[in-house]
Amino acid sequence: MNFNHTTFLKNIAQTTASPMLLDIEKAEGIYLYAPNGKKYMDLISGVAVSNIGHRHPRVIKAIKDQLDKHLHVMVYGEYVQSSPNLLAEKLTGLLPKELSCCYFTNSGTEAIEGALKLAKRYTGRTQIISCERAYHGSTHGALSISGNESKKQAFRPLLPDVKFMRFNVVEDLNMITDETACVIIEPVQGDAGVRIPSKNYLKLLRQKCNMHGVLLIFDEIQTGIGRTGKLFAFEHFNVIPDILTSAKALGGGLPMGTFISSYEIMHHLTHNPMLGHITTFGGNPVCCSAALATLQVIEDENLLDQVEKKGKLFEQLLVHDKIKEVRRLGLMFAFEFETENEVYRIVQECMTHGVICFWFLSCPNSFRIAPPLTITEAEITAACNIILTAVDQL
Ligand code: PLP
């Protein structure tokens with residue numbers, strides 16, 4: 001075993017000057033275990049990934065079963081393999097009929113790249129409209145449509161013809177015109193600090209897109225796979241996108257993403273040029289098996305039905321006059337404080353006492369929690385006690 005911090009800091013690329021530096025030997029359910037036996041409650045699910053907990057036995061079994069059959073056999077889209085087929089059948093069966101065709105990718109950001117390319121290819125237009133403070137990933141295309149200027153400026157030039165509207169501001173929908181290829185939006189903004197739109201906003205956005213022949217892309221990479229109490233957050237708003245992206249929790253702990261559309265739209269990746277999006281590992285059979293098991297677990301354990309009750313319990317317990325605002329949908333939370341420093345101290349203090357919380361990329365005054373949906377009421381109570389003690393010490 002090698003938990004050498006010098007190796008970690010010198011031989012593994014560092015993207016922050018202050019990584020959490022937590023040594024992790026094992027993870028199971030909602031817990032992470034350090035080599036010294038210390039146990040941490042993972043209240044962020046590895047950032048919205050372990051929605052059914054770490055190492056769910058059915059996911060592990062599905063992975064092992066697939067390992068005994070085959071690993072990678074061919075680049076995307078040539079051989080017929082059982083596990084991507086079964087996953088596509090299952091996933092599209094859970095979605096509205098308009099979302100019937102999946103392109104499987106390796107990550108969320110690759111799903112975003114594919115979705116943007118598909119929208120440009122289908123409409124023959126180039127203009128992309130995104131939202132201020134959005135986060136869609138870190139590759140050039142995804143970065144171009146993300147809002148955080150401080151993360152972008154060093155990498156220009158980025159994609160041309162990208163415009164930003166304010167999230168949840170109806171008047172800005174007038175930016176959408178016949179020139180627009182697509183609007184990409186998180187139905188609930190994640191890294192902006194859990195921003196929930198008003199009931200009508202997404203409906204009006206859908207109407208405006210229809211009026212101008214613009215494709216609507218919902219990025220549900222963070223909000224999907226049960227996080228908000230529905231399989232996908234768009235179900236809260238009764239608005240169906242033309243393209244849906246999913247990743248993170250989809251793979252049950254393995255790297256997996258997808259962009260999903262209709263057969264008619266998706267078919268534009270087949271011609272002019274053929275191979276409209278290429279990937280070697282996208283749709284990897286082991287990852288697809290893990291994803292299929294994840295969806296089955298959510299269904300068989302009735303996890304969606306428990307989300308609202310558990311979310312409410314957190315909200316009822318985490319009351320403190322230092323908490324200025326709570327933003328929540330399902331089990332996706334932001335707790336707002338007066339200062340960034342307070343947030344930093346709470347996250348550190350919670351970690352010391354065995355509870356993992358985390359910050360947001362574009363909302364420094366709030367911390368996030370997004371626990372596994374499998375967390376029990378007793379565990380919620382225990383976690384909230386530790387968080388409240390940390391808040392008390394400010
Ligand atoms: N879109 C959203 C809404 C996200 O939250 C993220 C990651 O946090 C991404 C896209 C990028 O996904 P990935 O990190 O898997 O590339």
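The legends below describe close-up views of a predicted model. Local features need pLDDT of at least 70, side-chain atom pairs count only at pLDDT 80 or more, and totals for chains, interfaces and linings use all residues. Residues are numbered from 1 along each chain as its sequence is written, and side-chain values use heavy atoms, with hydrogens and water left out.

**View 1. Stacked rings of Phe337 and Phe367.** The structure holds 12 aromatic pairs (Phe, Tyr or six-membered Trp rings with centres within 6.5 Å; planes under 30 degrees apart are stacked, over 60 edge-to-face, the rest tilted). The planes of Phe337 and Phe367 meet at 25 degrees with ring centres 5.8 Å apart, so this pair is stacked. Phe337 lies in the loop between β12 (332-336) and α13 (340-352), and Phe367, 30 residues away, in strand β15 (residues 366-369). Helices (H or I, at least four residues) and strands (E, at least two) are DSSP runs numbered from the N terminus. Ring pairs join both to Phe314, Phe333 and Phe335 in a cluster.

**View 2. Lysine charges over tyrosine rings.** The charged end of Lys39 is 4.2 Å from the ring centre of Tyr31, and Lys26 is 5.1 Å from that of Tyr33. The criterion is NZ of Lys or CZ of Arg within 6 Å of the ring centre and within 35 degrees of the ring normal.
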